[in-house]
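Below is a short note for a colleague who is opening this structure for the first time. The points can be checked one by one against the view.

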Amino acid sequence: MESEREAVVTPVGRFEGCLRVKTVITPPEGTIAGEFTIRSYCGTRLSWFAPGVGLVKVRHEDQNEIVWSVYLTEYTPSDEDGYFPLAQGQTWRYRWGIYGYRPPSRFEDICRVVVVDGNTAYLSSATWGIGSGDLYPFV
């Protein structure tokens, strides 16, 4: 965790008091991965979580120097105040893009909490391509 006081702007609005988490993903040998696909997963990832909302933004720069940007575009409000509310029916919709790779690609995801059983939540998700182009100004 790097910060609990970040402000983040996404297409769905401005979120205050976000938790920023930095994750560095390296291959087992701890250096630059030898294969392109593995280098895509390795790199530095910053994730922002808003209280009562959940994940609102991700920026991942992989070992190929390609940047993946993810932004919240729609969500179901929650009565929970944690950084990752998991109430049944909770939904999040994201738009994300890959930059530094030609042509830049854009995708959308939708995630939904299907069932909550005690301390276990079951989620469903779907991803689809929406073409190429910028997410500007949200890169």
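1. A salt bridge here is a side-chain nitrogen of Lys or Arg within 4 Å of a carboxyl oxygen of Asp or Glu. By that rule the structure holds 5 salt bridges. Side chains of opposite charge can pair when their charged atoms come close.

2. A word on the basis of the values: this is a predicted model, in which local features need pLDDT of at least 70 and side-chain atom pairs count only at pLDDT 80 or more, while totals for chains, interfaces and linings use all residues. Residues are numbered from 1 along each chain as its sequence is written, and side-chain values use heavy atoms, with hydrogens and water left out.

3. The protein chain has 1 helix and 8 strands. Helices (H or I, at least four residues) and strands (E, at least two) are DSSP runs, numbered from the N terminus. Read from the N terminus on, the order of elements is β-β-α-β-β-β-β-β-β.

4. Which residue meets arginine 20 in a salt bridge? The partner is glutamate 6, with 2.8 Å from N to O. Arginine 20 belongs to strand S2 (residues 13-25) and glutamate 6 to strand S1 (residues 3-10), so this pair ties together parts that are 14 residues apart in sequence.

5. A salt bridge also joins arginine 14 and glutamate 16, whose closest N and O atoms are 2.5 Å apart. For accessibility, buried means under 20% relative accessible area, exposed over 50%, and partly exposed in between (1.4 Å probe, protein chains only). Arginine 14 is exposed at 54%, whereas glutamate 16 is partly exposed at 49%.

6. Glutamate 108 and arginine 95 form a salt bridge through their side chains, at 2.3 Å from N to O. Glutamate 108 sits in strand S7 (residues 105-117) and arginine 95 in strand S6 (residues 91-99), so the pair ties together parts that are 13 residues apart in sequence. Glutamate 108 is buried, with 11% relative accessibility, and arginine 95 is partly exposed, with 28%. A network of salt bridges links Arg93, Arg95 and Glu108.

7. Is tyrosine 41 buried or exposed? Tyrosine 41 is exposed, at 59% relative accessible area, and lies in helix H1 (residues 36-41). Apart from neighbours within four places in sequence, tyrosine 41 is in contact (heavy atoms within 4.5 Å) with Ile25 and His60. The C-alpha atoms of tyrosine 41 and aspartate 62 are 6.4 Å apart, although the two residues are separated by 21 residues along the chain.

8. Of the 139 residues in the protein chain, 37% are buried. Among contacts between residues at least 6 apart in sequence, 45% join residues at least 24 apart. The accessible surface (Shrake-Rupley method, 1.4 Å probe; for residues, only the protein chains shown count as cover) comes to about 8,100 Å², and 51% of that belongs to carbon and sulfur atoms.

9. Val114, Val115 and Tyr122 make up a nonpolar patch on the surface, with about 240 Å² of accessible area together. Patches are made of residues with over 30% relative accessible area and no salt bridge; like charges are joined within 9 Å and nonpolar side chains (Val, Leu, Ile, Met, Phe, Trp, Tyr) within 5 Å. Valine 115 is in strand S7 and is partly exposed at 36%.

10. How many disulfides are there? Taking a disulfide as a pair of cysteine sulfur atoms within 2.5 Å, the count is 0. Cysteine 18 is buried at 0% relative accessibility, and cysteine 42 is buried at 4%.
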